[in-house]
Amino acid sequence: ALALAALSTFSLSTLEQAFIAASQSRGTWRKRLRLCALATMSLLSLLIFMLGLSALQDQRRANEQRATGEALATYMLGEFTDKLRPIGRLDLLDSMGAKALDYFSTSSDQDLNPAALTQRAKALQVLAEVRIERHDTKAALDALQSSDAIFAKLQMQTGLTRAILSTMGGNARLRGQIASSRDDWPGANAYFQQYLSLARQQLKLLPSDREALMAQSDAHLHLGMVAIYQRHFVLADQAFEESIRNTRHLMDGDRGGRLQKAGLADAYSWSGFSKEQQGQLKAAMDFYEKEVTIVRELHSENPSEILWASRWALALQNQVQLNLALGNDETALAISRQSEQIFQMVLARDSSNNARMLEMIMIQMRTQRILARSGTPVETMLALQGLQQVTQKMMQSPGSRRAWERVDAQLQL
């Protein structure tokens, strides 16, 4: 119609021209309406896109902040554990550890990146270590189970990195310690073998990795301990020799740090115990004297840290046992009293620590039995009955009943 109206040779009436004009107006209006609708839809699409992008950015920032917070919490837990362990105040972490464990058990890890997941698994491992120190094995196993679940997820995402191998090794070590505390020697051996294997995998990635070398030495030490309780003394001696060799290698060129010295003292102590069990008493005493020299030096260098005082007292107890076996009762009594004095100081500063209280009862029991051999049976019986009352009370403590039952059984012999 518009084309016809535009032709000069074609004549239209007034009514027809009005009809065409009205149709043209409606067509223009519809076109503009379609354009407005299209523009509105485009604006809405853009708005939805911007809002979605903003939500993603907010979520990303929230995840980053949560990961940063968890990394800081992990660092603080690790630092506090390292600082509080030497002064015997891991009890100060009980409340913090319980809250952290509750948070990790209820917080989703779906949106965390591999680095954040590794941090969370490490935090759970630190919490497990604290609970083991407090003889709360159930809470420790819960934390380790959560940590292992994270590693199963991480392995599918990134494979086995050094950080993952290191923390997995730590988990295996703690599980081995728990199995040992339950006299599950096959289970403990399997976990410590896993610990050793993971340390060796770390060394394949970086042969100069000192942390992995120390873990390898520690794994040999624990495998030797398990071998002793299984009466496999040849295997035990071989494991201890390997641990001593590895630790000395780490200490080449310097006097070694506290961890290396403590590891070497442990290896000497268990080597002495193995020799003692085999009847090689002179060789055993040589190892025990080396142990005492190291831990006494550590105590001298760090007098404010009761860990080393505790280690010194317990190292002296090894010599007590050996002197009794050699018939040197007076020497054994003098050393036992020295050990008891040192441990009284330790317990005064860490009276809520059940593990240390258990060790103190053992020291006092040995002292009383030496006195009984020298002719004071009545006084000794009364003292042992007093110790038994303590053990029966402590047997009600959650998480440590088995350990106290062992001491109570020894007191009744």
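Residues are classed by relative accessible area: buried means under 20%, exposed means over 50%, and partly exposed lies in between, with a 1.4 Å probe and protein chains only. At 45% relative accessibility, A190 therefore counts as partly exposed. A190 is found in helix α7.

The model is predicted, so local features need pLDDT of at least 70 and side-chain atom pairs count only at pLDDT 80 or more, while totals for chains, interfaces and linings use all residues. Residues are numbered from 1 along each chain as its sequence is written, and side-chain values use heavy atoms, with hydrogens and water left out.

The protein chain holds 16 helices and zero strands. Helices (H or I, at least four residues) and strands (E, at least two) are DSSP runs, numbered from the N terminus. Of the 413 residues of the chain, 45% count as buried. A contact means heavy atoms within 4.5 Å. Among contacts between residues at least 6 apart in sequence, 62% join residues at least 24 apart.

Helix α5 covers residues 137-158. The expected span of a helix is 1.5 Å times one less than its number of residues. Buried positions in α5 are T137, A139, A140, A143, L144, S147, I150, F151, K153 and L154. Just after α5, G159 takes a positive phi of about 80°. T161 is partly exposed, because its relative accessible area is 32%. T161 and L205 are 44 residues apart in sequence, yet their C-alpha atoms are 8.5 Å apart in space.

The loop between α6 and α7 contains D183. D183 is not a glycine, but its phi is positive, at about 60°. With a relative accessible area of 36%, D183 is partly exposed. At the start of α7, a side-chain oxygen of D184 reaches to within 3.1 Å of the backbone nitrogen of G187. A polar contact is a pair of N or O atoms within 3.5 Å; within protein, one must be able to donate a hydrogen and the other to accept it, and residues adjacent in sequence count only if both atoms are side-chain atoms.

Helix α7 runs through residues 185-205. Its 21 residues should span 30 Å at 1.5 Å a residue, and its end C-alpha atoms are 31 Å apart, which agrees. The buried residues of α7 are W185, G187, A188, F192, Y195, L196, L198, A199, Q202 and L203. Their cover includes α6 (162-181) and α8 (210-229). A190 of α7 and L223 are 33 residues apart along the chain, with 9.2 Å between their C-alpha atoms.

Grid points are joined across faces, edges and corners, and a volume is the space filled by probe spheres set on the points. The second largest pocket has a volume of about 190 Å³. Of the 13 residues that line this pocket, the closest to its centre are N189, Q193, L223, A227 and L235. Helices α7, α8 and α9 (233-251) each supply at least two residues of the lining. By class, the lining has six nonpolar, seven polar and no charged residues. Here Ala, Val, Leu, Ile, Met, Phe, Trp, Tyr, Cys and Pro count as nonpolar, Asp, Glu, Lys and Arg as charged, and the others, Gly among them, as polar.

R231 sits in the loop between α8 and α9. Its phi is near 65°, a positive value in a residue other than glycine. R231 is exposed, because its relative accessible area is 53%.

Helix α14 (residues 354-373) includes Q368. The helix has 20 residues and reaches 29 Å from its first C-alpha to its last, close to the 28 Å expected. Of these residues, 15 are buried, so α14 is largely enclosed by the rest of the structure. N354 is in this helix and, at 16% relative accessibility, counts as buried. N354 and H135 are 219 residues apart in sequence but 7.6 Å apart in space, C-alpha to C-alpha. Q368 also counts as buried, at 19% relative accessibility. Not counting residues up to four places away in sequence, Q368 touches E379, T380, A383 and L384.

Definitions and conventions: 1 Å grid on protein atoms, 1.4 Å probe; cavity = no way out; pocket = protein on both sides within 12 Å on 5 of 7 lines; lining within 4 Å.
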